[in-house]
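Please open the structure in your viewer and keep the selection tool at hand. The stops below go from one interface to the next, and each tells you what to select and what to look for.

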Amino acid sequence: MFQIYCPYCEELREEEEFHPKGQAHILRPADPDACTDEEWGDYLFFRDNPRGIHHELWVHAVGCRKFFNITRHTVSYAILETYKIGEQPSVTAEPSVSEAATATDDVRQGVRA
Amino acid sequence: MNQQVQRLAQGGRIDRSRPLSFTFNGQTYQGYHGDTLASALIANGVDIVNRSFKYSRPRGIVAAGAEEPNAVVQLGASEAAQVPNVRATQQALYDGLVARSTNGWPSVQKDLMGLVGKVGGHFMPPGFYYKTFMAPASMWMTYEKYIRKSAGLGRSPAEADPDIYDHFNRHCEVLVIGAGPAGLAAALAAARSGLRVILADEQEEMGGSLLDSHEILDGQPADQWVAGVLEELGGMANVTLLPRTTANGYHDHHFVTLHERRTEHLADCAPASAEGARQSRARLHRVRAGQVILATGAHERPLVYAGNDVPGNLLAGAVSTYIRRYGVVPGKRLVLSTSNDHAYRAALDWHAAGHEVVAIVDAREAPDGNLVDAARQRGIRVITSSAVIEAKGANRVSAARVAKIDIDGFRVAGPVETLACDCVASSGGYSPVIHLASHTGARPTWNDALLGFVPTLVDGVHAAGGAQGIYSLGEVLADGAAVGARVASVLGGSAEPLTLPACEAISESPACALFQIPHEKPTLRAPKQFVDLQNDVTAAAIELATREGFESIEHVKRYTAMGFGTDQGKLGNINGMAIAARCLKRTIPEVGTTVFRPNYTPVTFGAIVGRHCGELFDPERYTALHQWHVENGAEFEDVGQWKRPWYYPRTLSGKPESMHEAVARECRAVREGVGILDASTLGKIDIQGPDAREFLARIYTNKWAKLAVGKCRYGLMCKDDGMVTDDGVTSCLADNHFVMTTTTGGAAAILEWLELWHQTEWPELDVTFTSVTDHWATMTITGPKSRQLLAELTDIDLDRDSFKFMDWREGTVAGVPARVFRISFTGELTFEINVQAHYAMHVWKALFVHGEKYQLTPYGTETMHVLRAEKGFIIVGQDTDGSVTPEDLGMQWCVGYDKPFSWIGKRALTRSDTARRDRKQLVGLKPKDPKVVLEEGAQIVFDPNHAIPMPMVGHVTSSYYSPTLESGFALAVVKGGHDRMGESVYLPMVDGSVHEAEITSPIFIDPKGERQHV
Amino acid sequence: MSNSAMSRVNLYDTRADHASVAAETPLAYSLQRSGAPAPSAASRVVLREQAFLGHLILRGGAIVLDEALREVLDIGLPGRPNTLSWDASGERSIQWLSPDEWLLIVPGGEAFAVERQLRERLGDASFAIVDVSGGQTLLTLEGDAVPELLMKSVVYDVDPSHFAVGKGVTTVFAKATVIVRRSGESRWELVVRRSFADYCYRWLLDAGEEYAIGVER
């Protein structure tokens, strides 16, 4: 159950109030009719599924009804920042790539009872 | 008979003036207020509390807390009050408590499965289930029934639970889990800074180990200090104390679920409160914390020796707890086997209770701490470099076999001495309780000095005291206070540092690493040495697993079932890993680690459900006319969360109409006279702004540029993949003002969809969207006589030339300001009357007063479906499923191919797959036999004689009987259907019959649409 | 020109004359079906419906709306997210719902006049006003146990030390959505959608039983 900082409400709110809307920064091609089938198919159907930093679009559905972006670590589930539509993320890579990645790997591998 | 033979005359935290009566396995016993079920059973000399899971061996109580593996009971005097999986060590005794052993069929004393169990060592090796019950797979259900019955995993009640449960959403800056010395000190340090603190503890009383401690704090017994701290905390407005509350799950971002047992210490079923209100039996606190302090303490590790499961084998710490907290001694003659000083307390307590300590068997060569000295001073025999290698006895320990051992060589190093005794207590050291830290996903790390795993802590989670391997009381208190103060300062709080109570220093000699005790015979041939008592996993099973090639501890666990189920490896996991490490000649951290999952202890389903059950299971959304529908006998249909009238059966000569009869009558009324539908559930979105029209043109498939004020237009909405997602009529109220209707189920999603595009792609468009679904009530009157009826109630000019089809007008209806829309979902002359919902009932009733002479007939969703399907009007979500384009629907008339903006969905329509000619297309189906109503969802084939599997070419999406056509009819999607008009298709049914149907236009009635224009 | 601006939207008074037309609040059916326990001395929560108020949704830029509101109703737009303010009489309130959306609640019968005056003041500015009076209702909850009752119902942090007087949020209530506002030390308000009102009412009676909830009619 996440706790998410809504950049419009300017406070942390419970996940139940939000809907996830998939990968952020997917721009609709300006001239769809100029796209090849392949390009249009990429826009429609293909999304990243990274292990690590991911930028996601969410909406504060039960709240201010505003869409915004989240930078989230898909392994630790840490939300590293939230930012408004039209803004760019400030976190785009692991703090110190090699160390953090190994540390996370170590932390997450274990015996599930 | 019912004497408490093992009860001390004095001592303990029980109230001997309040005797309680309880029943266990049909026998009635006495205990005292303050007892747990376990302490009361021990007091009464009940040795066998269960039969083991796999081998059906008799088992007794081992522990005094949540880690108890054996005394898992079924609770409840009545069928409705049955609760499975209760640990007797955690269940407070109350008068009239009824409990049964979970395992043992037909009884714990005489056990059928025991026969199997005696020889079961050979029949039930590790991987037993996988090996034995796998084939044939079809038999699994049969096996499972008997395995469950004999293994006794508890059973759920067969009657409805009379109790209620609820949820509580809490927020705090600091959540402290565990109210032992570390937790109390941490909570007090944090609370004095004024931060909101929640302190949760799973026991009946807060205080943890201090409740049975020997130690003196500030010159007073430790429990005095506890009382003082609790009094201070209880008086602080910023502190919430939650006793009898287990932190069972640690979820993302410091969201912790706490399970509070509110009345389970009082009675089977929750008694009413003093004010007579119902009380919830259990409450699930959903806590969002800023920071969390885990003060969960440590569990003592038992030693693994032969016969260590015979009743009378206990943890050393449990022995102390039973004596000091409950005033019961679990035997007469004790042998203690230990690897550390701390466990000496059990022998000292036993001795102080006036019972005989036969010997303390210490694996170390020269233990010399204060407690060791104390034991020697009392004349207790201390045997060093030795261990109990085997406990003898069948239903109760009768002797301990003791020998010198060579730990490194893993062998017995001297002659065996047999000591007669009835209790063997063991201690192999302590394992910090790291379950909650594990739930965060962090892997614990092995600490060689502590001989245990310590938690790895994610940001914002802290451990204090025993939970991170600090065991001496003075250090535990200091650690708790320091962690509490540190957390407070992280959160910006500050307070005077806590003055810690003065505490005597006890010197302890170092513990040694001891897990499995060697036996004279090799492990595979020695009497069973149990690692996991609940799942009946032995040291031999683990050794065998490693021999069979299982090297990863994860695989060993799955193969042997170690740590499974409700036990979650609380006692056994570390010993199991140590044994695997020994067999694989590796170190414990090399073998792997152990991670635990929620829940820490079993949680009753009632607490998970809370009040979301029965009439409050899910919201029921009502229109403003709901009461009328109820009073007029409507049957209801769920549409999303809405309750919509489905049909209105009349009672004719004492007999209610069937749905078929009611729908036929309602259909005829609409086609021949006038009917009325409550259409208030349709989504309605108010759209304002100079760019409203442009926005509509982008979001809908059709054109909006020229829609004049006073006009309505049907629109189709696609996703950008070209698939239809919603439809509805949008009306132009003014140049910059529209009202859009959506499907009932799609209202919220479509509003979000509009916002998505506006906020993320086209913020430059000046337009706003506001839901007005609930503001307006919508009453649809439809049928040839609808104009006559409405004319009696309105000041609007209803003349067909001034108020045309697809126009809307403002005016009053029955004295209420209204917007009336001339749109039609039935194909008949229709007026949709919209009024502010407060007045809906007034208008509706007025329509019926005037409608009587026209036999105004209310109709429900079923008739609505028949009428619209006769006209070939689709229902998005029924005739479409997210894979249907406007062209598949034959609705090219509703697509603006040449609009300037490449609207949502347009580009996809020319993708190769979307443009295929043989896509499934919407058509009508007319069964050859008019009496047949095809099944919705039925698959369609072209050739019924084709060998199975037949190529399936489509399916029925809507199907009804039409009283107007006097025939069944259907809408369906069929491959290339638009080019197959007049052809026959076939629908093979489950019963082997095959229906034949003709592909037709989906419009069955009034194809030119003349009736709605009259 | 404000006249042309006015003509570009449909301004329509949907309120009927309550003297001749029977109006029903969203709780009309619930009160009959589920009853209304009378408040007693033991009641730690008392529920009251403020029926038939005017509810208007205001959309647009904060600065222009603030000016218009001050002129028309003498209330300033609340500046901070999730807050609300009242006029001097306490009968009119304006609540932040979103950076460009506010909820204005006025006494019954005033909504249309207020909307017209605001539209006149706002003229050609970019804004929207929508009357939603028929679609929601205001419930007040009074008593010392209201925070506890709300903790059983909403996911938002309603601890009085965190939820100051003058705060208002849209949040999850059981499995529905409500607006929660705090209008006094022990006085709270819920804005409930009409179609969910019965569910919310039944939930409140159920959750409030342990606080001897009473309903004032």
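Begin by selecting chain A and chain B together: across their interface there are 25 residue pairs in polar contact, both residues of each pair being at pLDDT 80 or more, where a polar contact is a pair of N or O atoms within 3.5 Å, of which, within protein, one must be able to donate a hydrogen and the other to accept it, while residues adjacent in sequence count only if both atoms are side-chain atoms. Before going further, note that this is a predicted model, in which local features need pLDDT of at least 70 and side-chain atom pairs count only at pLDDT 80 or more, whereas totals for chains, interfaces and linings use all residues. Residues are numbered from 1 along each chain as its sequence is written, chains are lettered from A and ligands numbered from 1 in the order in which they are written, and side-chain values use heavy atoms, with hydrogens and water left out.

Now colour the side of chain A that touches chain B. Two or more residues come from each of β3 (19-23), α1 (37-45), β4 (53-59) and α2 (97-108) of chain A, these helices (H or I, at least four residues) and strands (E, at least two) being DSSP runs numbered from the N terminus. The most is given by α1(A), with six residues. By type, this side of chain A divides into 21 nonpolar, six polar and eleven charged residues; here Ala, Val, Leu, Ile, Met, Phe, Trp, Tyr, Cys and Pro count as nonpolar, Asp, Glu, Lys and Arg as charged, and the others, Gly among them, as polar.

Next, select B:Arg907 and A:Asp37, which form a salt bridge with their closest N and O atoms 2.8 Å apart; the term stands for a side-chain nitrogen of Lys or Arg within 4 Å of a carboxyl oxygen of Asp or Glu. Between chain A and chain B the count is seven salt bridges. The contact (heavy atoms within 4.5 Å) takes 38 residues from chain A and 44 residues from chain B.

Then hide chain A and select chain C with chain B.

For a closer look, pick B:Arg611 and C:Asp206, whose side chains meet in a salt bridge (2.6 Å, N to O).

For B:Cys712, the nearest cysteine sulfur is that of B:Cys732, 9.5 Å away. At 5% relative accessibility, B:Cys712 counts as buried.

Definitions and conventions:
Disulfide = S-S within 2.5 Å. Buried < 20%, exposed > 50% of the residue type's maximum accessible area, 1.4 Å probe, protein only.
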